[in-house]
Amino acid sequence: MAFTFNSPVKIVFGEGCADQVGQELAGLGAKKVLIVTGPGSKASGGHEETFQVVTAALKQAGLDWSRFAGAGQDPTPAMVKEGVRVFKEEQCDAILALGGGSPMDCAKAIGASVGEGRPFADFVGTGRVLTAPVPPLVAVPTTAGTGSEVSGTSVLTIEKDGHKMKLGTSGATLFPKAAFVDPLLHVSMPKALTAATGMDALTHALECYVGRQHTPLADLYCIEAMRLIGLSLRRACQHGDDLQARSNMALAATCAGVALSNASLGMVHGFAHALGALCGMAHGVANAIMLPYVMAGCVDDAAERLALAGAALTGTSSIGAHASVAALFSLDHDIGIPRSLAEAGVPESMLKPIYEDAKNYKRRPQSPHLFTDEELWQVLYSAWSGTETI
């Protein structure tokens, strides 16, 4: 077997490690940092105290800063353009991404736009390659889900011909220089956000593990991520102040992020991107609902790997593929994820446009089962109606 494994991001992990972010940026030559967050304090970590942690760290390192709080959920080219404007107007020379996946995606796109001297949208879905040097970027995740702090991908919501779609672009220049993964910043996450982001991390790990581009090294990260999630997600949802559970989930999300930079996602994300773009559904919730239904369709093609994944998730020595899918349904139920798309508020009238978008997902061939168009429709309808197929 021949494969390439690439993980260029420096990872600093531990309670209180966010205090070191200023020293890191100063070492990268920064003088003035653009802090990219979601709108308001909630999107920057649940409480304004999180924002104060990083600004205090910057001040201690002698760095100036400016804030761009326009990275809303599912960032758009317009948000990125505004962030570039602020970066230039404030004469910044480095970027700090603070928040969940959306601020990190937006921050990466801002940096790439500055470096390339053209809109990031010019690269999304076009096949153009990002090559220009970018301002130093450091990521501080405040949720345990996307793993974007260690990935070289940015996903934007693009409107084309009157239709919205989520499209991602990957490139070596999009990897942050460093990621500061501080579980203390995750304690304020409410239960629903903890559940959704945790299932996002699980989806990354499981899709990469069973997908057609899995590699031995990526497998190690996937298995450890699934083990930690099975051990701690329920606990983190019920007892948000449990630092061990928070630490395990933070590490799981980062491990899954490393894996997805070296393996491939599949049709769970194909559906989730469509649900996000067309219905505004939170990415983690969409992944959580679709995950067991898509995996049920992969049992015949990935039985051995699904069984191993299920064993890691449940902490058992032996479990079959069907039981592994059942464990996904059980985990969703225990942490309050809607059982179906209908329960989550998706009207039946939206199924056709969701299907049309999802069937064109570029990573569709990477799923362990090569779904036909008819099978994709069946999976989507099962997920909408809540009909289990195991």
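Guide: D332 is found in helix α11, where helices (H or I, at least four residues) and strands (E, at least two) are DSSP runs, numbered from the N terminus. This is a predicted model, in which local features need pLDDT of at least 70 and side-chain atom pairs count only at pLDDT 80 or more, while totals for chains, interfaces and linings use all residues. Residues are numbered from 1 along each chain as its sequence is written, and side-chain values use heavy atoms, with hydrogens and water left out.

With a relative accessible area of 5%, D332 is buried; that term stands for under 20% relative accessible area, with exposed meaning over 50% and partly exposed in between, for a 1.4 Å probe and protein chains only. Leaving aside residues up to four places away in sequence, D332 touches M199, A288, I289, P292 and I337, a contact being heavy atoms within 4.5 Å. T169, by comparison, is 163 residues from D332 in sequence and 30 Å from D332 in space, C-alpha to C-alpha.

Helix α5 (residues 191-210) and helix α11 (residues 321-334) pack with their axes 12 Å apart and at an angle of about 165°, where axes are lines fitted to C-alpha atoms, for helices over the stretch in contact, and angles run from 0 to 180 degrees between N-to-C directions. This makes α5 roughly antiparallel to α11, the class for angles over 145 degrees, as against under 35 for roughly parallel, 65 to 115 for roughly perpendicular and oblique for the rest. The crossing of α5 and α11 is right-handed, that is, the near helix is turned clockwise from the far one by less than a right angle, anticlockwise being left-handed. On the α5 side M199, L202 and L206 meet L328, L331 and D332 of α11. The residues of this contact of α5 with α11 divide into five nonpolar, no polar and one charged, with Ala, Val, Leu, Ile, Met, Phe, Trp, Tyr, Cys and Pro counted as nonpolar, Asp, Glu, Lys and Arg as charged, and the others, Gly among them, as polar.

H273 lies in helix α8 (residues 267-279) and, at 10% relative accessibility, counts as buried; not counting residues up to four places away in sequence, H273 touches K166, H283 and Y361.

As for the sheet, six strands form an open one in the order β1-β8-β5-β4-β2-β3, with parallel pairing, where two strands pair if DSSP finds at least two bridges between them. β1 (10-13) and β3 stand at the edges with a single partner strand each, so one side of each is left without a neighbour in the sheet. From one strand to the next the twist averages 20°. Helix α3 (residues 77-89) packs on this sheet, touching β2, β3 and β4, and its direction makes about 155° with that of β3.

Within the sheet, strand β2 (residues 32-36) has five of its five residues buried, with K32, L34 and V36 on one side and V33 and I35 on the other. β2 pairs in the parallel sense with strand β3 (residues 64-68) over five bridges, K32 having D64 as its bridge partner there, while four bridges join β2 to the parallel strand β4 (residues 94-99), where V33 is partnered by A94.
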